[in-house]
Amino acid sequence: MSSVRSAKRPNLRKSTLSDSVSSTFVLSEAMLRRSQRLQSNGYYGSQGEPLISYKETLHRVFKWRRPRPVPDNIDQDTVEYNTVDCDTVDCNNNDFVDYSSGSSRGLFRAIKALRPLVLMLALCFGLIFSIGGLKMDFSTPFMSEYLMNRHEQVERKAQELQRELMDLRKRIDFLLPVGDRMPNFALEELGAKIVKEQSSASYLSEQGGLKLWGLTLIPAKPPRVSSRVVIQGRAPMLPGVCWSFAGSQGHLTIKLSHSIAISHVTLGHISKMVSPSGKVSSAPRMFSVFGKRALDDSGVHLGTFVYDENGDPLQTFRIPDDKVDVIRFITLHVLNNWGNPEYSCLYKFRVHGKLA
């Protein structure tokens, strides 16, 4: 065993000697690689290490990026964050913020969550300041002149709107007859009725029956349209949908829906444009109106009027002020028509006024 150990020792000595020789060779080779100018200026020491060091100052060019939020299903402990090397970055500088730390992420999340609340509070304080705290001095010449100009502009605008309103009213009055803009108390839907006992009989056409040698074999059928059509609120007026009576004279008595102080009456007939023959010879021409408080009264003459065959289909006539009275019954007397000798037709008759 001793012989073996003694045999190995020379080999160890040989390896140590070879390592020292190689290190000396490397050091000498490194010394040879250094600059002669730096060696002469004392840049290197006796061991070949530099004596002068230069400190580099790092300047941040790009902004630090906030780390991406980590989903809830990932363990926070297993996530790797980018760390900052304080050897290369001045961590003690106040401008430096480590965005990769957990506390910084929590702070920025809290600020982001409170942002809507801060904006709402700022808006509320701004409104309070603008309404309650802001006061303007209107006594200055500038503000007085401003208010006067503003007042004139508003007044001119009000006058323009008033003129437009008047023009619109005129157009409406032109489109709507006067009778359509007043209450009608001779309306069946409101309770008005025809008094047949004090009204003319309906017209019966001879063409509807059958005669032989002057003898009537089959009498004419009664008309399909009764006198109720005159006080019904049907619109528009159609040819033939009217109440007719024989001859050019007749009368119709109506019980009004209420006792009223009469002011106007309206008489309606189709126009020549709508008439199949182009004429309105059966329309009333001159008519009179009589009012009664009770059915048995003699009646008060309220006026005599003329219906214009070339005028509007609905024509309204005003009762003279000295003849205005409270009535419940009214009688229309047709004195003549526009040329039809066989019959006359009534399409509409309205009575206007105020409740008594």
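**Group meeting: a walk through a predicted chain**

Let me start at serine 257, which sits in strand S5, residues 250-268. Strands here are DSSP runs of E with at least two residues, helices are runs of H or I with at least four, and both are numbered from the N terminus. This is a predicted model, in which local features need pLDDT of at least 70 and side-chain atom pairs count only at pLDDT 80 or more, while totals for chains, interfaces and linings use all residues. Residues are numbered from 1 along each chain as its sequence is written, and side-chain values use heavy atoms, with hydrogens and water left out.

Back to serine 257. Its relative accessible area is 11%, so serine 257 is buried. Buried means under 20% relative accessible area, exposed means over 50%, and partly exposed is in between, with a 1.4 Å probe and protein chains only. The side chain of serine 257 makes a polar contact of 2.9 Å with the side chain of histidine 258. A polar contact is a pair of N or O atoms within 3.5 Å; within protein, one must be able to donate a hydrogen and the other to accept it, and residues adjacent in sequence count only if both atoms are side-chain atoms. Apart from neighbours within four places in sequence, serine 257 is in contact with Phe185, Leu190, Gly191, Ala192 and Arg328. Contact means heavy atoms within 4.5 Å.

Now the chain as a whole. It has 4 helices and 11 strands. Of its 356 residues, 23% count as buried. The accessible surface is about 26800 Å², and 57% of that belongs to carbon and sulfur atoms. These areas come from the Shrake-Rupley method with a 1.4 Å probe, and for residues only the protein chains shown count as cover. Among contacts between residues at least 6 apart in sequence, 72% join residues at least 24 apart.

Glutamine 232 is in the loop between strand S3 (215-218) and strand S4 (243-246). At 12% relative accessibility, glutamine 232 is buried. Beyond residues up to four places away in sequence, glutamine 232 touches Leu187, Glu188, Glu189 and Lys348. Serine 271 is in the loop between S5 and S6, and with a relative accessible area of 18% serine 271 is buried too. Serine 271 touches Val280 and Pro313, again not counting residues up to four places away in sequence. Between serine 271 and aspartate 312 the C-alpha to C-alpha distance is 7.1 Å, although they are 41 residues apart in sequence.

On to charges. Side chains of opposite charge can pair when their charged atoms come close. How many salt bridges does the structure hold? There are 5, a salt bridge being a side-chain nitrogen of Lys or Arg within 4 Å of a carboxyl oxygen of Asp or Glu. One of them joins arginine 350 and aspartate 180, at 2.6 Å from N to O. Arginine 350 is in strand S11 (residues 348-355) and aspartate 180 is in the loop between helix H4 (141-175) and strand S1 (193-195), so this pair ties together parts 170 residues apart in sequence. Arginine 350 is buried at 18%, whereas aspartate 180 is partly exposed at 39%.

Another salt bridge joins lysine 272 and glutamate 309, whose closest N and O atoms are 3.9 Å apart. Lysine 272 is in the loop between S5 and strand S6 (284-292), and glutamate 309 is in the loop between strand S7 (300-306) and strand S8 (314-318), so the parts tied together are 37 residues apart in sequence.

What about disulfides? A search of the whole structure finds 0, where a disulfide is a pair of cysteine sulfur atoms within 2.5 Å. Cysteine 242 is buried at 7%, and cysteine 345 is buried at 6%.

Last, the surface. Leu114, Leu117, Val118, Leu121 and Phe125 make a nonpolar patch of about 510 Å². Patches are made of residues with over 30% relative accessible area and no salt bridge; like charges are joined within 9 Å, and nonpolar side chains (Val, Leu, Ile, Met, Phe, Trp, Tyr) within 5 Å. Leucine 121 is in helix H3, residues 102-133, and is partly exposed at 44%.
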